[in-house]
Amino acid sequence: MAIRRSAGTCRSWRRRGAVVVIGAVSLVTLMLFGALAVDVGYIAALTAEMQSTADGASLAGASAMRDGKYEFFKERALSIIERNQKSQGFLALDDQVIQLGRWDRAAMTFTPNSGEDLNRDNAVRVVSRRNKVPLFFAPI
């Protein structure tokens with residue numbers, strides 16, 4: 001005597017493999033979005049730390065100007081950058097640009113010093129770049 005299956009059971013039996021495929025695709029997609037969130041969050045945090053480092057370095061350079069020691073503005077700025085970059089795990093100072101110049105409040109522009117009288121200058125600009133950010137999941 002043959003056992004008859006109902007029509008509903010037969011359809012669900014054929015669809016059972018589709019659930020596994022959909023589950024696997026969904027899991028991979030969720031993992032990719034999670035990895036993207038971690039890497040983008042890390043880049044945002046690193047950008048904020050680099051901005052804080054550049055701000056601190058420019059303030060340190062400006063303090064040398066306030067003290068009348070214009071020749072030491074770069075050393076003071078570099079000491080702040082070195083301290084902060086070592087705590088962030090980066091040792092290279094290749095991408096740092098430290099300039100002495102004049103800030104025009106009316107035009108809101110910075111004009112770098114072209115080697116003339118340093119006593120005219122009233123501002124220090126520090127630009128920090130990081131081109132090689134070690135990401136967690138992007139290499140995968």
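Let's start at Ser-114, which sits in the loop between β2 and β3; helices (H or I, at least four residues) and strands (E, at least two) are DSSP runs, numbered from the N terminus. The structure is a predicted model, in which local features need pLDDT of at least 70, side-chain atom pairs count only at pLDDT 80 or more, and totals for chains, interfaces and linings use all residues. Residues are numbered from 1 along each chain as its sequence is written, and side-chain values use heavy atoms, with hydrogens and water left out.

The C-alpha atoms of Ser-114 and Gly-101 are separated by 8.2 Å, with the two residues 13 apart along the chain. Phe-137, for its part, is found in the segment after β3 (123–128).

| Residue | Relative accessible area | Class |
|---|---|---|
| Ser-114 | 60% | exposed |
| Phe-137 | 39% | partly exposed |

Now for the interior. A nonpolar core is a set of buried Ala, Val, Leu, Ile, Met, Phe, Trp, Tyr and Cys residues joined through side-chain atoms within 4.5 Å. The largest one has 14 residues, and Ala-57, Phe-73, Ile-98, Leu-100, Val-124 and Val-126 touch the most other members. Two or more residues come from each of α1 (7–66), α2, β1 (96–104) and β3, with α1 giving the largest share, five residues.

As for confidence, pLDDT (the predictor's confidence in each residue, from 0 to 100) has a mean of 81 over the chain, and 80% of residues reach 70 or more.

Terms used: Buried means under 20% relative accessible area, exposed over 50%, partly exposed in between (1.4 Å probe, protein chains only).
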